[in-house]
Every structure is written in C-alpha cells, then in structure tokens.
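Student: I am new to this structure and would like a close look at one part of it. Could you take me through that part slowly, and then show me the chain it belongs to?

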Amino acid sequence: MGLFGVRDALRIAGDQGLDLVEIAPNADPPVCKMLDYKKFKYEQDRKAKAARKNQSKVEIKEMKFRPKIDVGDYETKKGHVIRFLKKGARVKITIMFRGREMAHPEQGRLVLDRLAEDLKDVATVEQKPLMEGRNMHMTIVPIKGAFDKKDEKGDEEVTEKEN
C-alpha cells in the first residue's frame, strides 16, 4: 500500500477491522502487513501440527548378547531383532562381558559379525562394533522395502499350501 506512519497505518488497519503485524522489523523502513492476527496464528498452528504429524520418530531398541551365547539363545534373540527391524526401529546390539571374558573381546566381535552376516539381506550396519568399558556395541538399521518382499512371498507360500 506504500509508506505510512505508524499512527496512519494503525488507523487504516482499524478501519478495515484488521491488525497491523510487523513482518520484517530489521528492514529499512520496517515492513508491516494488515491481516487478521487470530486467523494468522490459527493457520500457523495448523501448519505446525501438520508438520509434527508427518514427522517420523526414530525408535532405538536394544538387544543384549553374551560372548558365549548358545545357538538356541542366539536364534531366539536374532528373531527378536528381526521383529524390531520389521517395525522400522533401529537396533542397538550390545555384547556384555563379565570377569575373564574381557580378556577375549574377539569372541564378542565374532558374535556381532555373525549377526551382521545373518541379517545382511534385511539390515545394514550403521555403527561398526565399538568397545566401551565392559560392553561392545553395534547399531543396525532396516533396509527400506526388505520386509515387503518377504511378506509377499510368505503369502504366496501359504496359498500354495492351502490348495
């Protein structure tokens, strides 16, 4: 609308039933806009709510192993890790060492390498195995679309067995 003094701009906005809102205070001269402030705030809140709704929360699950884990326990825990990955969560794998096991960290490394190898078709290693105190950590993330293909094959197998 042009350049106005503050009083003139407030009067014009009041006559139209609008509010005078300062858009760029650091500009020379400052830039203001005439609008309905309640409607403006309402629209801003809706945009912020929509942005929060579309935001994805990354969940980190943790699975603890021991360096001398038995085959059955390993398979059970690997199944839990796969279940977490199917839900889209990152999984932090922890190897806990006790007592004299600390003398052989390579055994824990072997368990982590074996797990990474077993899960290479559904997950990738985000953080390589790292020793922290008495624990060794590794983080894995699911591969996008890896479980969609498996579910389709699983459905086909079920229908073939029913026939």
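**A hairpin and its neighbours**

Tutor: In this predicted model, strands β5 and β6 make a hairpin with 2 residues between them, and in the turn Gly-133 has a positive phi of about 60°. Strand β5, which covers residues 123–132, pairs with β6 in the antiparallel sense over 7 bridges, and one of the residue pairs to look for is Ala-123, whose bridge partner in β6 is Pro-142.

Strand β6 also pairs with strand β4, residues 90–96, again in the antiparallel sense, over 6 bridges; here Ile-93 stands opposite Met-138 of β6. Strand β6 itself runs over residues 135–142 and is mostly covered, with 6 of its 8 residues buried, where buried means under 20% relative accessible area. For the chain, by comparison, buried residues make up 23% of the 163 residues.

Taken along the principal axes, its C-alpha atoms fill a box of roughly 80 × 55 × 20 Å. Among the contacts in the chain with a separation of 6 or more, 53% are accounted for by residues 24 or more positions apart.

Terms used:
Residues numbered from 1 in each chain as written. Predicted model: local features only at pLDDT ≥ 70, side-chain atom pairs only at ≥ 80, totals over all residues. Heavy atoms only, no water. Buried < 20%, exposed > 50% of the residue type's maximum accessible area, 1.4 Å probe, protein only. Contact = heavy atoms within 4.5 Å. Helix = DSSP H or I, 4+ residues; strand = E, 2+ residues; numbered from the N terminus. Pairing = 2+ DSSP bridges.
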